[in-house]
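I opened this entry to keep track of what I looked up. The notes follow in the order I made them.

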2 protein chains.
Amino acid sequence: MSDFVLSRYLTDEGLLVEAALERAVGRLEPSLEPDLAAALRHGVMSGGKRLRPILCVTAYRACGGTAREAAYDLGAALELIHAYSLMHDDLPCMDDARLRRGRPTTHQEHGEELAVRAGAVLIPAAALQALSAARGLECGNGGAATVAQRLMEAAGAGGMVGGQWLDLLGENEALAADALDGLHRRKTGALLAASLEVGATAAGASPPVIEALREYGQAIGLAFQIADDILDGTQSAERLGKNPSDADLNKSTYVSLYGLEEARHRAEELVHEALSALTNGGIEAPALVSLAHYIVARDR
Amino acid sequence: MSDFVLSRYLTDEGLLVEAALERAVGRLEPSLEPDLAAALRHGVMSGGKRLRPILCVTAYRACGGTAREAAYDLGAALELIHAYSLMHDDLPCMDDARLRRGRPTTHQEHGEELAVRAGAVLIPAAALQALSAARGLECGNGGAATVAQRLMEAAGAGGMVGGQWLDLLGENEALAADALDGLHRRKTGALLAASLEVGATAAGASPPVIEALREYGQAIGLAFQIADDILDGTQSAERLGKNPSDADLNKSTYVSLYGLEEARHRAEELVHEALSALTNGGIEAPALVSLAHYIVARDR
């Protein structure tokens, strides 16, 4: 068996991701007015576990990718999209959140205009970062277009912004109409799934392997969201490092629709699906096995 | 000499661009909640001259491109970025504009949240639209990555959002510090220039031809902005179809810095530079010649 230790892995990889994000922000800053650059830095260099880049780099290596720095640069592109979505979600006209990971949100610190602009500028920045990084990886120039495509699909309509997650909740379940509200909150699942696919594609993986990682990513992406719903329902604001907004409190979640027991059961089922996808795809990666378990067991 | 008639050209091309935009919006709508789809449609299908797509398609044809529908789909990608920038610029936390082309702005009609979200979703949509369209054009799959790269550069830091236009205002002129404010308003120039480059790249044009069209595009892009400043300074709100905001009125412009006479002179000089770039690049395109003159002579 493996002597893989996830906590150590997350710490070590997290540091390499931070360095890649610092490079990314450093490249953007000279092109921006100082106040916009500061807002962008606030939103991106804001801590967090950097799960998306870590999933991306882990999938990349699981598919035989060998590059170092460029792989983390690719992973950082996913975190830029994540940072955009948090900055915009927190806006007064959206969730009106004042705290995020125990710090003031970007608009709270830098004003609404700069939070809107910094968030939007992260989208093309992420596309460029992914294109540039992927060109230096095993997929080459042609694959770089596919990598950018997958990232932009996840970032836009049908991905983070849209309804694709409806299907994954269970084909035989009649969803309550208000469950659609909950899709808002499930949107991060699309980006988690894309993190895996992007990493695999950049490594030049074969279509069946990319498909297996897509299935793994979709399963843990939804498990992640259900785990989030469970955490929201059972933890205090202090522990979460944010104030649950009225909007949050009124939104229907997997837990409010199906109950805590059923939600936990479904999350475990999804972890099992994720691990089966790895086995079926012939992918041996202790880190991905541990990450799947971690996704539902984490305390945030 | 040519019997080229620009007004007819703009009308005919405009109709084909509208059809491409209708296709683009129609592809996005099924992935979006109905209210978000309505906001996006409001912001995109809002009239206007569609100059950027027309410049893109015209450059594409001037470089020997022969495709029809896919070329307009590529041009539409530039308009999606333009629509995003207008929707966000009009927001209450930005210019707080209530009218745009004589109609209510997107946030005025659909609310602030949907205007922010619809604007942001247009950025990945434009990248995907450009990638997909360019793959069907002369540049092939590898060139599609370059096309997407150029579009995202124009849409982000260093392009529409940033300071690259500073250089173009005149290397030997010491810019007044408050002229930096005016850069905000010049940002559309970056997208006009990109429209030409993207079209040329998609046609598989040679580097010197792309470079010539880049020079043409930069010159008319800046001329366009100066013409805008002149129009803002000399036309009434009624004619412009929008309310000049306080922010607008306080912003320094080419006219406020250099006077009307000098601004007109500089605009004509830039048109001359644009035409020289075409000649030097060996590009024969009556439409591009007429468009350069039109850019500074239009009444909006």
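This is a predicted model: local features need pLDDT of at least 70, side-chain atom pairs count only at pLDDT 80 or more; totals for chains, interfaces and linings use all residues.

Chain B goes onto chain A with an RMSD of 0.0 Å, by a turn of 180° and a shift of 0.0 Å along the axis. The two copies are thus related as by a two-fold rotation axis. I then looked at the contact residues: 100% of those of chain B recur in chain A, so the same surface serves both copies.

Next I turned to helix H3 of chain B, residues 51–62. At 1.5 Å a residue its 12 residues should span 16 Å, and I find its end C-alpha atoms 16 Å apart, which agrees. I checked burial, counting a residue as buried if 20 or more other C-beta atoms lie within 10 Å of its own. On that count 11 of the 12 residues of H3(B) are buried, so the helix is largely enclosed by the rest of the structure. Among the buried ones I noted Arg52(B), Pro53(B), Cys56(B) and Tyr60(B). Just after H3(B), I found Gly64(B) with a positive phi of about 95°.

Last, I looked at a helix pair in chain B: H11 (residues 207–234) and H15 (residues 260–280). They pack at an angle of about 160°, with their axes 8 Å apart. Angles over 145 degrees count as roughly antiparallel, and H11(B) and H15(B) are therefore roughly antiparallel to each other. H11(B) passes H15(B) in a left-handed crossing. For the residues that meet, I listed Ala219(B), Ala223(B) and Ile226(B) among those in H11(B), and Ala267(B), Leu270(B) and Ala274(B) among those in H15(B).

Technical notes: Residues are numbered from 1 along each chain as its sequence is written. Chains are lettered from A and ligands numbered from 1 in the order in which they are written. Helices (H or I, at least four residues) and strands (E, at least two) are DSSP runs, numbered from the N terminus. The expected span of a helix is 1.5 Å times one less than its number of residues. Copies are superposed by least squares on the C-alpha atoms of residues with pLDDT of at least 70 in both. Two residues are in contact if their C-beta atoms, placed from the backbone, lie within 7 Å. Axes are lines fitted to C-alpha atoms, for helices over the stretch in contact, and angles run from 0 to 180 degrees between N-to-C directions. Angles under 35 degrees count as roughly parallel, over 145 as roughly antiparallel, 65 to 115 as roughly perpendicular and the rest as oblique. A crossing is left-handed if the near helix is turned anticlockwise from the far one by less than a right angle, and right-handed if clockwise.
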